[in-house]
Amino acid sequence: MLLIKSFHIIFVASWFAGLFYLPRIFVNLAQVEPGSNAEEARLLLMARKLMRFTTLLMLPAIALGLVLWLYYGIGLGPGNGWMHAKFTVVLLALGYHHMCGRLLRKFEAHTNSHGHVWYRWFNEAPVVLFSIAVILVIVKPF
């Protein structure tokens, strides 16, 4: 079980590292001057590759979390309200991941409607989600 737990933590941290950095690329894309095709193409390539890699990291993170929950029983039973809260955080992280994919497609289609300041704020969400998840798992407040 400890090996499964270790790999779960590694994949979750790696998944979130991608979620931390992808919106930073969006900030740069939102600042690309019109006509800077090479810069835009380079940033879009970086964003596509990071999105693909981040998605590949997300899948084992979720799968290993489910193994810990359903097979080993972590968070099952009464007195595990923290797990319900963690599920909510995981669902929000999945939604954020999906939204990153949608925003990337908007950049690719040249239909982005947000400025770089919006993306700077958008970039803070995974930090908050990751922090809450860690606190819930370690402290188990309810």
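Ala85 lies in helix α3, where a helix is a DSSP run of H or I of at least four residues, a strand is a run of E of at least two, and both are numbered from the N terminus. The model is predicted: local features need pLDDT of at least 70, side-chain atom pairs count only at pLDDT 80 or more, and totals for chains, interfaces and linings use all residues. Residues are numbered from 1 along each chain as its sequence is written, and side-chain values use heavy atoms, with hydrogens and water left out.

**Exercise 1.** Determine how helix α1 is arranged relative to α2 and to α5.

*Solution.* Step 1: the axes (lines fitted to C-alpha atoms over the stretch in contact, with angles from 0 to 180 degrees between N-to-C directions) of α1 (residues 2–30) and α2 (residues 37–71) come within 8 Å and cross at roughly 155 degrees. The pair is therefore roughly antiparallel (over 145 degrees; under 35 is roughly parallel, 65 to 115 roughly perpendicular, and the rest oblique). Step 2: the crossing of α1 and α2 is left-handed (the near helix is turned anticlockwise from the far one by less than a right angle). The residues of this contact comprise 25 nonpolar, six polar and two charged (nonpolar: Ala, Val, Leu, Ile, Met, Phe, Trp, Tyr, Cys and Pro; charged: Asp, Glu, Lys and Arg; polar: the others, Gly among them). Step 3: the axes of α1 and α5 come within 9 Å and cross at roughly 160 degrees, and α1 is therefore roughly antiparallel to α5. This crossing is left-handed. Step 4: α1 contributes Val12, Ala13, Phe16, Leu19 and Phe20, and α5 contributes Pro126, Val127, Leu129 and Phe130. These residues divide into nine nonpolar, no polar and no charged.

**Exercise 2.** Is Thr54 buried or exposed, and what does Thr54 touch?

*Solution.* Step 1: Thr54 is found in helix α2. Step 2: its relative accessible area is 1%, so Thr54 is buried. Step 3: the side chain of Thr54 reaches the backbone oxygen of Leu50 at 2.7 Å. Step 4: not counting residues up to four places away in sequence, Thr54 touches Trp15, Gly18, Leu19 and His97.

**Exercise 3.** Relate Trp82 to Asn80 and to Val139.

*Solution.* Step 1: Asn80 is in the loop between α2 and α3 (81–108) and is buried, with a relative accessible area of 16%. Step 2: a polar contact of 3.0 Å joins the side chains of Asn80 and Trp82 (a pair of N or O atoms within 3.5 Å; within protein, one must be able to donate a hydrogen and the other to accept it, and residues adjacent in sequence count only if both atoms are side-chain atoms). Step 3: Val139, in helix α5 (residues 125–139), is exposed at 54% relative accessibility. Val139 and Trp82 are 57 residues apart in sequence and 8.7 Å apart in space, C-alpha to C-alpha.

Definitions and conventions:
Buried < 20%, exposed > 50% of the residue type's maximum accessible area, 1.4 Å probe, protein only. Contact = heavy atoms within 4.5 Å.
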